[in-house]
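Morning, everyone. Please have a look at the structure on the screen, and then I will walk you through it.

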Amino acid sequence: MGQAISGGLTQRDVDEVISICKGAWNQYEIESLYKRFRSLDRGRKGYISAEELMSIPELSINPLAQRLVRSFESVNFVDFARLLAAFSDRASYEEKVRFIFRVYDVDGDGLVTHDDMQIMLRQLAGSSLSDDDIAWVVRKALQEAGSPQGLSLEAFKATLHAEDLAGMTVTVPTEL
Amino acid sequence: MPAGHQLPDSLTTAEDGDADVDGLEIEKAYVEAEAERLQSQQKSLLAVMLNINSVLTDAAAAMVDDSFLKCFTSAAPDPWNWNFYLAPIWLLGMLFRHLVLFPLRLTLLLTSHLLFFMVFFTVKLGMPSSALKLRVEQRLIRFLCGMYVASWTGVIKFHGPKPVPEGGHVWVANHTSMIDYIILSSYTAFAVIMQLHPGWVGFLQTTVLDSLGCLWFNRTQAKDRSLVAQRMADHVADPNTTPLLIFPEGTCVNNEYCVMFKRGAFDMGATVHPVAIKYNKIFVDAFWNSKRLSFTQHLVRLMSSWAVVCDVYFLEPQSRREDESVDEFAARVQAMIAKQAKLRVVPWDGYLKYYNLGEKHPGLIEKRRKVFADQLKTFLPAGGAVGSSKQEAAPAAAAAAAAAAAGKKGSKKAN
């Protein structure tokens, strides 16, 4: 009568997550993330609701809380691990830039347009920048990138270098 | 959290001191951390705007682990049914617990409740108010609590001198479950400040415990708090009342951590008696996660386990020193209790379980946003976006927007 200490995670599940995350997480980190997912997901629904995410105090005071919660709510565990994979220290520069790009691309059309940037800047700067300031910044940014329709992933890659994103890692606490 | 920075204590005070939240500590921890990170040599506007990695990393770190929710998780119990002979023994034990012990205990509890109510209400309605009546009621409540402890076959060891009623003294303890009160009351009667619960618990609270001078409140109502504070002070000052027990954490914590102590109990100028309660999780975890279980379910769980094992330590009474502030006093007493009960102290306010920090303190988010905005502002021409829109060779798509903005600003200026 063995008891599954990991609460239902089989080796096959772990292998699947490892391959989907392209090796960003190792087995112990996945176990830890799974425990975390289960503790956040009250009622064993299989996904974390927006309210449960916002009950994390440190997340609720983050300027981009709303934007991120929209990507993270209602995802199952595999997607949860995949989304966070960009923050592993084994994640490539490519993955980190792509994550930032996807956050900025609010409407998800593959291009960070004028509207996307306005929404994001409003979230990032709050009431400290007026509407005119934001409009000006957006214009100047599009100008600098040289593409009036919007910024592509390439523009992000050209602007953000590897050393800029060096701090973009989180440590998953493992029992070891 | 910005990496390597602790959320300052003033932030997590649940009091109406909004002045505290705006204090210098917040500036330091949050804002300067951001400013340090964004401080860099000549960077283009695009680089500053797009590099939001610190905000994202903090969010991701919070999602992966945070020190607040840790205080309310129960460790999975260690199973011991590891092999072919331990497993059947465990199974027999389980059947015995659920089919023999539990019904016996439930019968005991219900019978003693019946007995208690008969005598208690006779006394309550029959006897005139007097010191004797209070003593009789206390004795009866002690009996009932003792029966509760018996219904879990509780093994409770009390260490330290037994409390005696005295004016100007108050007792504080760490909080794991409502049974904390029952365990302490089985030893010596206490009055308590508690959240009013619905159902049969609320009935017991209002009809029975009221006689001891217990104070009920609704933790989400701010007005309640000041009323309670006054009644608390009155109760403590009177030497003829039952000793007052306060749980300064304000919420049930999992007996591994100790969340922030609220200052109410320490602000009254009374001598504080710290009481440390440590549960031995060997048979059952006594932490009551009120979000997952109702109190009845919690009691059923306790009653169908082998025993509740607990150590209660009555520590040396403390008074506030002259050079100590109320918060420092509370922290000192908290450290004493945490050390005895082997708990880790965390600076979070227990009430964060019930409200969203970002909603209650939007100023915090705005302060962090301001740092980002200031970085961008260094690129704005002097005087804001106003003057520039005329001179800029704006791309065709944005020309209309620029003209509109200029026009709007121009008319504003003219006024």
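Let me start with a question: which residue of chain A forms a salt bridge with B:Asp66? The partner is A:Arg36. The closest N and O atoms of this pair are 2.8 Å apart. One caution before I go on: this is a predicted model.

Now the interface around that pair. Across the interface of chain B and chain A, the rule finds 1 salt bridge. Polar contacts are counted too, and they come to 15 residue pairs between chain B and chain A, both residues at pLDDT 80 or more. Which elements of chain B give two or more residues to the side that touches chain A? They are α3 (45-50), α4, α5 (86-126), α12 (357-360), α13, α14 (385-391) and α15 (396-414) of chain B. α4(B) gives the most, with 11 residues. By residue type, the side of chain B that touches chain A divides into 40 nonpolar, 12 polar and 14 charged.

Next, the extent of this interface. The size of an interface is often given as the accessible area lost when the parts come together. Chain B and chain A bury about 5,700 Å² between them. Carbon and sulfur atoms carry 69% of that. B:Leu50, B:Met63 and B:Val64 supply 13% of the area that chain B buries against chain A, more than any other three residues. In residue counts, 66 residues of chain B are in contact with 62 residues of chain A.

The area buried between the two domains of chain A is about 1,000 Å², with 61% of it from carbon and sulfur atoms.

Polar contacts between domain 1 and domain 2 of chain A come to 4 residue pairs, both residues at pLDDT 80 or more.

Side chains of opposite charge can pair when their charged atoms come close. The search finds 18 salt bridges over all chains. Let me pick out a few.

Take A:Glu94 and A:Arg98. Their closest N and O atoms are 2.6 Å apart. Why do they sit about one helical turn from each other? Because they are 4 residues apart in helix α7 (residues 93-104) of chain A. A:Glu94 is partly exposed, at 29% relative accessibility. A:Arg98 is partly exposed as well, at 33%.

Another salt bridge joins A:Asp131 to A:Arg122, with closest N and O atoms 2.5 Å apart. A:Asp131 is exposed, at 55%, and A:Arg122 is partly exposed, at 30%.

Over in chain B, B:Arg368 forms a salt bridge with B:Asp58, at 2.6 Å between the closest N and O atoms. B:Arg368 lies in helix α13 (residues 362-377) and B:Asp58 in helix α4 (residues 53-64) of chain B, so the pair ties together parts that are 310 residues apart in sequence. Are these two buried or exposed? B:Arg368 is buried, with a relative accessible area of 3%. B:Asp58 is buried too, at 5%. There is also a network in chain A: salt bridges that share partners join A:Asp41, A:Lys45 and A:Glu52.

Last item: backbone angles. Most residues other than glycine have a negative phi, and most peptide bonds are trans. A:Lys22 has a positive phi of about 55 degrees. A:Lys22 lies in the loop between α1 (11-20) and α2 (27-40) of chain A, and is exposed, at 69%. B:Lys342 also has a positive phi, of about 55 degrees. Where is B:Lys342? In the loop between α11 (326-340) and β9 (344-345) of chain B. B:Lys342 is exposed, with a relative accessible area of 64%.

Terms used: Residues numbered from 1 in each chain as written. Chains lettered and ligands numbered in written order. Predicted model: local features only at pLDDT ≥ 70, side-chain atom pairs only at ≥ 80, totals over all residues. Heavy atoms only, no water. Salt bridge = Lys/Arg side-chain N within 4 Å of Asp/Glu carboxyl O. Buried < 20%, exposed > 50% of the residue type's maximum accessible area, 1.4 Å probe, protein only. Buried area = accessible area lost by both parts, 1.4 Å probe. Polar contact = N/O pair within 3.5 Å; in protein donor to acceptor, adjacent residues only side chain to side chain. Contact = heavy atoms within 4.5 Å. Nonpolar A, V, L, I, M, F, W, Y, C, P; charged D, E, K, R; others polar.
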